[in-house]
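Biologist: Could you walk me through reading charged residues in a model? I would like the general idea and then the case at hand.

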Amino acid sequence: MAPELEPAGPDERRRARREEARRRRRRHRNIALAVLILAAALVALGATVIGTRGSHGAASNDAASTEQKAKPKAPRPMPDEVRGVHVTMGLASLPGKFEQYLAIPGLNTVELDVKDENGKVGFLLPAQTLARKIGAAQPYYKGSVVAAKAHAAGVYLIGRVVVFEDPALTAGRPDLAIQTSDGSVWRNYAGLGWANPYDRRVWDYNISVAAAAARAGFDEIQFDYVRFPSDGPIESAVFSGKVAEPMGRTITRFVHYASSRLKPLGVRVSVDVFGLSATHNLGIGQVPGKLAKYVDAVYPMVYPSHYRSGEFNLPDPSSSPGRTVALSLRDFRNALLGRNALLIPWLEDFSLTSARRPPEQVRAQIEAARRYHAKGFLLWNPRGVYTEEVLNK
């Protein structure tokens, strides 16, 4: 066993205590230093990990942000003065017919049906799309082909998309229709079904068709029948998901949503509205001043034959086509004050009482549009036969 040590004296004990205190202080300093080093290492490691994760995330977020913030594809230039005509998909399907329109002297714009009032889509879409599943998409023409032909001829191409009057969609998907109390499809007096303006699926369906036209090369998407129905047994109509808001708010929300989806594709977006929608509340949700906030152009259908006797204090608006158009556009100018949307009227190139309107009456409408500084005009004739001489400025 080890020999027993002698007890230490007072001085030695004090020295021992001081030495022990110094050793404790050194241990504390070392521990504190180790903690600081470890903390710094962890911070550095954390920064590296977060930075790495953040760089991947940032790259992803930046990419998404770049995609979201990327400037929309610029649309093709618009004519200084639009001078155009409407062409149905049926006419465009006839060999050489579309080229005949493109060759009209002075014409610089064609508005072609992409989706018409029967709900038909003028060109085929992929097999999995709803338009194909319900039989709406038909091979009347190839979108990219007509766009290429129009552009080769120096013609601006507008795609007309009829929105809420849609017999094809409502037949194939009754759940998307305005309905009656027994759940059947509501129809107007012409027997045509209307899609439900409150249903976001209806919005997306029409936007998907419009987007296909945009990707095919159309320069502008023009929404028609962008409203609630104006004829039929309205009192029996049932709107699933109806929102407690003015109809004009609902229609404006659709147009805003559609514009936000389509403009990044490099197309302009516009709307057709009734010729009296700037003069009266027609009860169909068309408020030109509100719509003009979200579109590039408003196209009022100022057809003189569609005005009742006494409108604008004119005994027979149809017999005074220039005056009728001028008074209508006066109201649209007032309704669009402060908006950047262009005003481009639809003019009447047909007659309800004879084979055609005399050229001077068509010219009178054109001159009225010019007096009110419209961006141009489009002519409508349901038969697709136009007074070609008025297009040659």
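**Charges on the surface and inside**

Modeller: Arg-249, Lys-290, Lys-293 and Arg-339 gather in a surface patch of positive charge. A patch takes residues with over 30% relative accessible area and no salt bridge, with like charges joined within 9 Å. The place of a charge is NZ of Lys, CZ of Arg, CG of Asp or CD of Glu. This is a predicted model, where local features need pLDDT of at least 70, side-chain atom pairs count only at pLDDT 80 or more, and totals for chains, interfaces and linings use all residues. Residues are numbered from 1 along each chain as its sequence is written, and side-chain values use heavy atoms, with hydrogens and water left out.

Biologist: Why does Lys-290 count as partly exposed?

Modeller: Buried means under 20% relative accessible area, exposed over 50%, and partly exposed in between (1.4 Å probe, protein chains only). Lys-290 counts as partly exposed because its relative accessibility is 47%. Lys-290 sits in helix H9, residues 288-291; helices are DSSP runs of H or I with at least four residues, and strands are runs of E with at least two, numbered from the N terminus.

Biologist: What does Glu-111 touch, not counting residues up to four places away in sequence?

Modeller: Contact means heavy atoms within 4.5 Å. The residues that Glu-111 touches include His-86, Arg-160, Asp-272 and Trp-346.

Conventions
Patch = residues over 30% accessible without salt bridge, like charges linked within 9 Å, V, L, I, M, F, W, Y side chains within 5 Å. Areas by Shrake-Rupley, 256 points an atom, 1.4 Å probe, with all protein chains shown as cover. Salt bridge = Lys/Arg side-chain N within 4 Å of Asp/Glu carboxyl O. Lys, Arg positive; Asp, Glu negative; His and termini not counted.
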